[in-house]
Each structure stands twice: as C-alpha cells, then as structure tokens.
Amino acid sequence: MTENNLTGRVRIAVVIGSVRKPRLADPLAAWLEHELTEIDWLDLDLIDLAAVSLPMQDLQPGGGAASPIAGRLADADGFVFLVPEYNHSFPAPVKNVIDWHFVEWAYKPVAFVGYGASGGIRAVEQLRTVFPELRATTVRESVLIPMAWEHLDATGRFVPPPGTVQALHAMMTELRTWAGALRSIRVPDLVGRT
Ligand SMILES: Cc1cc2nc3c(=O)[nH]c(=O)nc-3n(C[C@H](O)[C@H](O)[C@H](O)COP(=O)(O)O)c2cc1C
C-alpha cells in the first residue's frame, strides 16, 4: 500500500436502513454520528432512507439523474450501513437503495452496524452476499448490537454496551484501509454498467 492510501481524508456515507416511525435507528444514528464526527480523517454524509424517495415501481438500475442521492453515493469513498434485522434479513428499503444504484457502489468498501435481538447478524451476513454483484467489497470487522433497545437511558439516548465503541473504531480503521486501496482502481473503464 502506498503512503497516499493511508493519508488524506476519506468520505464515508452512513446509510440509515430503517424508515419506521418511531424507530430505534434514531438514537443509534445519533450515537454513530457523534462517534464518527470525532474521527479526524473522515468526512461524513448521513443518508436517511426515510427522507429519500426511491419508489420501487420506478426502479432505475444505475441511479443517475433519477435518484436524488446518486451524487452523494458516488462521492463517497465507502459506506456504513446502519441496519436492523427484520425477519432474519435486512429491511426492504435497504435492498431498494442498493438496487436503485450500481456504479455508485463499485470498487468501494461497505461496513455494517447491525442491531436486533442477535445484533442483526443475519441481516449483515445476507448483505455480504449482495454487494459483490455491485463490485463492492464488505469489510471483515463489524459492529453488532444485541438488544440495543435495552441500552437507552432515561432520555432515550443510546448508551453503547462495553466493547461497542472499540468495535466501531476497529471497523472504521479497516474501512479506511480498504477505501484507500480501492481508490486506486476506481477508474471509469473499470466501473462498467453491465
Ligand atoms: C417487521 C419486523 C421484523 C423483525 N424481525 C426480527 C428478527 O427476525 N430478528 C431480530 O433480531 N429482530 C427482529 N425485529 C426486531 C427489530 O430488530 C427491532 O425492532 C429493531 O429495533 C428495529 O429497528 P428500527 O426500530 O430502527 O426499525 C423485527 C422488527 C420488525 C419491525
């Protein structure tokens, strides 16, 4: 790895994968945003799928002008999906945003903060089988938060259980390494649409 791969700023888009009201994603996203803004090499873009219109009946594979977030995804060097587990998988809006875009994911790393009774592990592991089709790679480290609803204080703020912050930083360090390495192969002729 060259020195350039380990220096400079990295733009990370965090995708909030629940669109419910109310949702546990809110306190978790607030915690995640707080932790990530403390990281000095990182430029953060928080993408809330609840605020993004990507109608399933208008699905436009490839994103582009039809997607209001194609540019934000394209600008990112890597992604963190904040993803709950629904029925032993990931929520439908997560699949929808993945399907709506194509080149925007290519040759970029994807990391996961999962939550659910078992930490969202089944949602995360299933997403790992999807991203290679988009030419994206998923990082080994992850953050899995079992029973996250039991870690809210009296004000509803998420108080991470022991080890969670350390797991997040390990994951982000790996994400940065992959983002730096993959930048060098992210050239237009490799990012085909077919
Ligand atoms: C439709 C639905 C299905 C769910 N299925 C699972 C499940 O299979 N495994 C699990 O651990 N939690 C499951 N849960 C619980 C969610 O993980 C939990 O409610 C979580 O807080 C949802 O995140 P959200 O509030 O940000 O949407 C399910 C929740 C919903 C709404």
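Two housekeeping points, everyone. This is a predicted model, in which local features need pLDDT of at least 70 and side-chain atom pairs count only at pLDDT 80 or more, while totals for chains, interfaces and linings use all residues. Residues are numbered from 1 along each chain as its sequence is written.

Back to His 88. His 88 sits in the loop between E3 and H4; helices (H or I, at least four residues) and strands (E, at least two) are DSSP runs, numbered from the N terminus. The phi of His 88 is near 60°, a positive value in a residue other than glycine. Arg 135 also has a phi near 60°, again positive and again not a glycine. Arg 135 lies in the loop between H5 and strand E5 (137-138), and with 18 C-beta neighbours inside 10 Å it counts as partly exposed.

One more backbone detail: a cis peptide bond joins Lys 21 and Pro 22, with omega at about -10°. Pro 22 is in the loop between E1 and helix H2 (25-37).

That loop between E1 and H2 also holds Ser 18. Ser 18 counts as buried, with 24 C-beta neighbours inside 10 Å. Leaving out residues up to four places away in sequence, Ser 18 touches Arg 23, Ala 25, Pro 84 and Pro 91; contact here is C-beta atoms, placed from the backbone, within 7 Å. The C-alpha atoms of Ser 18 and Tyr 86 are separated by 9.8 Å, though the two are 68 residues apart along the chain.

Ser 18 brings us to the ligand. Which residues come nearest to it? Of the 14 residues around the ligand, they are Ser 18, Ala 25, Pro 84, Gly 116 and Ala 117, where near is a C-beta atom, placed from the backbone, within 6 Å. The shell is made of 6 nonpolar, 5 polar and 3 charged residues. For that tally, Ala, Val, Leu, Ile, Met, Phe, Trp, Tyr, Cys and Pro count as nonpolar, Asp, Glu, Lys and Arg as charged, and the others, Gly among them, as polar.

Now the core. The largest nonpolar core has 49 residues, and Val 15, Leu 28, Phe 81, Leu 82 and Val 83 touch the most other members. Strand E1 (residues 10-16) gives the most to this core, with 6 residues. A nonpolar core is a set of buried Ala, Val, Leu, Ile, Met, Phe, Trp, Tyr and Cys residues joined through C-beta atoms within 7 Å. In soluble globular proteins, nonpolar side chains tend to be buried together. Setting aside neighbours within four places in sequence, Phe 81 is in contact with Val 15, Gly 17, Val 94, Val 110, Phe 112 and Leu 127.

Val 94 leads us to helix H4 (residues 92-100), whose buried residues are Val 94, Val 97, Ile 98 and Trp 100. Seen down the axis of H4, these buried residues fall within an arc of 170°, so they line one face of the helix; the arc is that of the directions from the helix axis to the C-beta atoms. They pack against E1, strand E3 (78-84) and helix H5 (121-130). Asp 99 also lies in H4, but it is partly exposed, with 16 other C-beta atoms within 10 Å. Beyond four places in sequence, Asp 99 touches Leu 59 and Pro 61.

What about H5: which of its residues are buried? They are Ala 123, Val 124 and Leu 127. These cover an arc of only 95° around the axis, which puts them on the same side of H5. E3 and strand E4 (109-116) are included in what covers them.

Last stop, helix H6 (residues 164-183), where we find Met 172. Met 172 is buried, with 23 other C-beta atoms within 10 Å. Met 172 and Glu 141 are 31 residues apart in sequence and 8.4 Å apart in space, C-alpha to C-alpha.

Methods
A residue is buried if 20 or more other C-beta atoms lie within 10 Å of its own, exposed if 12 or fewer, and partly exposed in between; C-beta atoms are placed from the backbone. Two residues are in contact if their C-beta atoms, placed from the backbone, lie within 7 Å.
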